[in-house]
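Trainee: I have a structure open and would like to learn how to read it. Could we go through a few features together?

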Amino acid sequence: MAKKITYQQANDELNNIVEELQNNMVTIDIISQKLERAKALVEICYQTLKGTEEKLSESIKHLESLK
Amino acid sequence: MQFQPISLTQLAASISHTIDATFIDKPIWVIAETSDIKNYTDRYYCFLSLIEKNESKITAKLEAVIWRNSYHIINKFEQNTQIKFDKNLKLLLLVNVTFSSQYGLKLSVLDIDSSYTLGNIELERKAILHRLVKENPKIIAFDGQYYFTINKQLSIPKIIRKIAIITAPNSDGQRDFLHELKNNPNSFVFEIDEYLTQIQGNGASESILKQLQNIAASKSNYDVIAIVRGGGSQTDFTAFENYNLALAIAAFPIPIITGIGHERNISIADLMSNNALKTPTKVATYIIENNCDFEEDLMQNYSSILHYSFQIIDNCKSELENIKSDLTQSTKNIISTQKQNLENVNLTLKLLSPENVLARGYAIVSKNKSIVTNGETLNENDSINIKFLNENIDAIITKKNG
């Protein structure tokens, strides 16, 4: 499931978790569960960003070679 | 009746005398049309006929000659009018009427009034333009300054790749145009179909028109059509002043760019076309620059896309950082709130514990091992137990005070 999630979905879910935490909607029993999930989502987001950034750098090189 | 014949020489002398009496040293301006021109360019003289027509009937015809001492007037006329000195031209000529016993009557041309011809051309040109607008209101419009044609309103494709060129075979125009396109610095590749045709002289406008029709019939999706002319006579542009050709250009559904090498004037064909440039080379340059513009736009857009993409990534990164810090902060808050709650509970519990109560001087009274909370249940002589913090005392109630 984690692999299929998009950046936007991961980001939305992260924001939901933050909101739940800020509004005291999370009980102590599930807080570590939520944090684990958040950690995984942040990881996904960073991975996606890194991949995109690498592709962009390749494109920049390509553009420079065209000029 | 008695005839006294005279010799032909005498007659000729008599005619000569009569003509001289009227015309000698009295050059006359005469309006006439040229015909039967025999131009000996290497010997610098030119024989021609001057005629006047009433509709198609010739009402006058006289032989004329431009001698060596006036021969430069041909060149001057061509330069001034940009028209080739040719037959069927209506001219205002300064002539000497001469008569030679051997060669008969001849008009010796001394000068040609270029402005008369220019005026006529301008009138004719205005008439053609007027007719083009009047008879084809859906194709050509004139706002008093500019001509708007269907062709002019077509937009030039952002990328020009497939080109039809109408030009004269083996002409400088053809060579210049093709050379410029094939050797463009950007290495753009063009697909060029040549529609070769006579581009000056009699029937040129019909030939060009025919090639336009061939282009239409080919159903090839040309991006533009170039009509170019270069290297030919600098004086024969009449093909491009033709009504039918002008109309065909105005209505043509593919943008037409002209480069007909007309240095001074703009032809009617130029006015009707999408874009009129001076030379074939300029047409080619225009096409290359058009594609260059597109390439530059493309690169600019590509560059902007990359730039904004990086910006998006940066935004995402800082958003993620914020989320991370929010997560940490919120979790910490929750934990510390919970801890505080626990502390409070603990404190309350401590405060409420019996030891704490006893320490403050209170004692617990029990009867039969049950804690007594209501004094009324106790009677005199009851055995009770009193629990202090450190001591446990059994006692008997001696008196109840009520």
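This is a predicted model: local features need pLDDT of at least 70, side-chain atom pairs count only at pLDDT 80 or more; totals for chains, interfaces and linings use all residues.

Mentor: Residues are numbered from 1 along each chain as its sequence is written, while chains are lettered from A and ligands numbered from 1 in the order in which they are written.

Trainee: At what angle do α1(A) and α2(A) pack?

Mentor: Two packed helices are described by the angle between their axes and the distance between the axes. Helices here are DSSP runs of H or I with at least four residues, strands are runs of E with at least two, and both are numbered from the N terminus. Axes are lines fitted to C-alpha atoms, for helices over the stretch in contact, and angles run from 0 to 180 degrees between N-to-C directions. In this model α1(A) and α2(A) pack at about 145 degrees, with axes 9 Å apart.

Trainee: Is A:Asn11 buried or exposed?

Mentor: A residue is buried if 20 or more other C-beta atoms, placed from the backbone, lie within 10 Å of its own, exposed if 12 or fewer, and partly exposed in between. A:Asn11 belongs to helix α1 (residues 7–22) of chain A, and this residue is buried because 20 other C-beta atoms lie within 10 Å. From A:Asn11 to A:Leu41 there are 30 residues in sequence, but 7.4 Å in space, C-alpha to C-alpha.

Trainee: How many residues of chain A are in contact with chain B?

Mentor: Two residues are in contact if their C-beta atoms, placed from the backbone, lie within 7 Å. Here 24 residues of chain A touch 18 residues of chain B. On the chain A side, α1 and α2 (28–66) each supply at least two residues, and α2(A) gives the largest share, 15 residues.

Trainee: In what order do the strands of the open sheet in chain B run?

Mentor: Strands of a sheet pair through backbone hydrogen bonds, either parallel or antiparallel. Two strands count as paired if DSSP finds at least two bridges between them. The open sheet of 4 strands in chain B has the order β14-β13-β15-β16, with antiparallel pairing. Strands β14 (370–371) and β16 (392–396) of chain B stand at the edges with a single partner strand each, so one side of each has no neighbour in the sheet. Strand β15 (residues 383–387) of chain B pairs with β16(B) over 5 bridges; the bridge partner of B:Asn385 is B:Asp394 in β16(B).
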